[in-house]
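The exercises below are meant to be worked through with the model in view. Each begins with a task and is followed by a solution that goes step by step.

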Amino acid sequence: MKNSSSLKIIHSKADKQSDSIINTEGFNVWINDAHILEDINITIPENKITCIVGPSGGGKSTLVRSFNRINDDIEGLKIQGSVRFNDSDVYDQDIDTALLRSKIGMVFQKPCVFPKSISENVLFGLQYQKKLSDIDRLEIVEENLKAVSLWKEVSHRLNNPANSLSIGQQQRLCIARTLAVKPQVILMDEPTSSLDPVSGRAVEETILKLKENYTLVFVTHNIRQAERIADHLVFLCDGKIIEQGPVNKLFQNAENSRTREYLKNEFCDC
Amino acid sequence: MTRKSKNSFFKIFCWLSVSACFGTLIFLFGVIFLNGIPAISLDFITSRSSNFGSEGGILYQIVGSILIVLVAALLSFPLAIGTAIFKSEYLNNRKWKKLSNVLIFGLNGIPSVVFGIFGLILFVNILGFGISWFVGSIILAVMMLPTITLTTFQSINSIPVIYRESSLALGLNKWQTITKVLLPQSFSGAITGLFIGLARAIGETAPIMFIATAFSGVDLPSGIREPVSTLPTHILALAQQATNPAALQNAWGASFVLILLVMLFSTTALVIRKRQLSHQRL
């Protein structure tokens, strides 16, 4: 009970700081009998980087995967409560999930390029939404590869197979492919955890650049990474939100002792 | 027995098993090749049979066999792809998945002569279709269905979930994900299954002998309600005249050609499969 009252205060502070784009209210997820997320009330501010941190198995991925309903096909999934995106209910029966996912893009932990060329990968999501002329295609490929700082590395071999790229480049290509669809929000589920440190930093820099135009929700279990890139921090442990708020406040002056403990020692006994 | 002698005994047993298998195969191929090759001539494979098959060639049988299995493949392939997609992408419930396995393996386990009787009763007796090669194709298509379905299913189902999620996350709907991501990656698996099915179907005798074929006096069909003659049923007819050396010679020749066609389909399946595997490794 103590937690939820502190939560409400932080909630209202976040509201004042900026407009929110995704809100959840009393959101619960069960998979078969396991209660994965419990009474989640969260606010994702627009055009900021929100980092969701917490120990593994705490429900971070399930939470972001609920925002674009990519979890829908999981057997035994049951949800309760609401997730609102731009004031429309994501779990409304009439919602077009394909359209929702083109507004809320997603980058996964392991880069997964399609067995096609580099430029075809960039255009993959877009080409089934609208007809593109050859000039459009070239422009879109260049624009989005530049946005992820991959253009210089690959501009001379756009027609090469995408799986000839290094794993870090593949992950940046996955981000470019997501940008091409022009989403408002990009969900990132530990996008650097399967990369080497150098490629990981390159992806981090890309993400910082994207902040101006996109809302980013970034799941990580790397606290230092969250400190480097986040504006807003959500601490999720054992399916519950322990605390959320501006990153400086949580790192310097967290209200909950468990948040302080976790951000300092990466340990949580919840 | 000491540990060491158990070890060598087991090794010898394995060697004997594999020799028995390959020995039988080599013997069988050897006999058919040795007896079949003398019967083969350009004339044999380009002329029609006469005198109940003991004279002339097997041109119409070759054409009949290929016609009946190719049409069967055309009928079976889309259904198999549809079933495989449904089983892999739309069946989420574990119970239903199990039931679908039981049904597919059940279909695969039905003895071929039962298909023949089923075809005879349904198409010839009840529907009054008469003896028709097209009915034979329908029955062979049903027989090929489980093989092609399972091979296609395995190749769709082995595509990692992340490909589906990546595609859905880019705003493609399920249909687009299936046609643009999953099918292109599993198509060669489906083609492999198709050729395995073809190799099996072209050698089938029992399912088509009552409903699709005539044993002598057959011309090339001019419509779908006519019988054809096929290599396996022709061999059966010739074997019944085994006291006639000319008929027996032709039976060996026809067997040789049939084995060649089966090998052609099987090796095509193998080559496509190998290509697919090396492509996946890239």
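The domain bounds used here come from an automatic or database domain assignment. The model is a predicted one, in which local features need pLDDT of at least 70 and side-chain atom pairs count only at pLDDT 80 or more, while totals for chains, interfaces and linings use all residues. Residues are numbered from 1 along each chain as its sequence is written, and chains are lettered from A and ligands numbered from 1 in the order in which they are written.

**Exercise 1.** Describe how chain B is divided into domains and what makes up the contact between them.

Solution. Begin with the bounds: chain B consists of domain 1 (1-39) and domain 2 (42-281). Next, take the centres of these two domains of chain B over C-alpha atoms, which gives a separation of 30 Å. Then turn to the contact, where two residues count as touching if their C-beta atoms, placed from the backbone, lie within 7 Å. Domain 1 of chain B gives six residues to this contact and domain 2 of chain B gives eight residues.

**Exercise 2.** Find which elements of chain A supply at least two residues each to the side that touches chain B.

Solution. First count the residues: 23 of chain A are in contact with 15 of chain B. Now assign them to elements, where helices (H or I, at least four residues) and strands (E, at least two) are DSSP runs numbered from the N terminus. Helix 3 (97-103), strand 6 (104-107) and helix 7 (167-180) of chain A each supply at least two residues, and the largest share, four residues, comes from helix 3 of chain A.

**Exercise 3.** Explain why helix 2 of chain A is largely enclosed by the rest of the structure.

Solution. A residue is buried if 20 or more other C-beta atoms lie within 10 Å of its own, exposed if 12 or fewer, and partly exposed in between, with C-beta atoms placed from the backbone. Seven of the eight residues of helix 2 (residues 60-67) of chain A are buried, so this helix is largely enclosed. Among the buried residues are L63(A), V64(A) and F67(A). After helix 2 of chain A comes R69(A), whose phi is positive, near 55°.

**Exercise 4.** Decide whether N32(A) is buried or exposed, and describe its backbone.

Solution. N32(A) sits in the loop between strand 1 (20-31) and strand 2 (34-45) of chain A. Its count is 10 other C-beta atoms within 10 Å, so N32(A) is exposed. Phi of N32(A) is near 55°, which is a positive value in a residue other than glycine.
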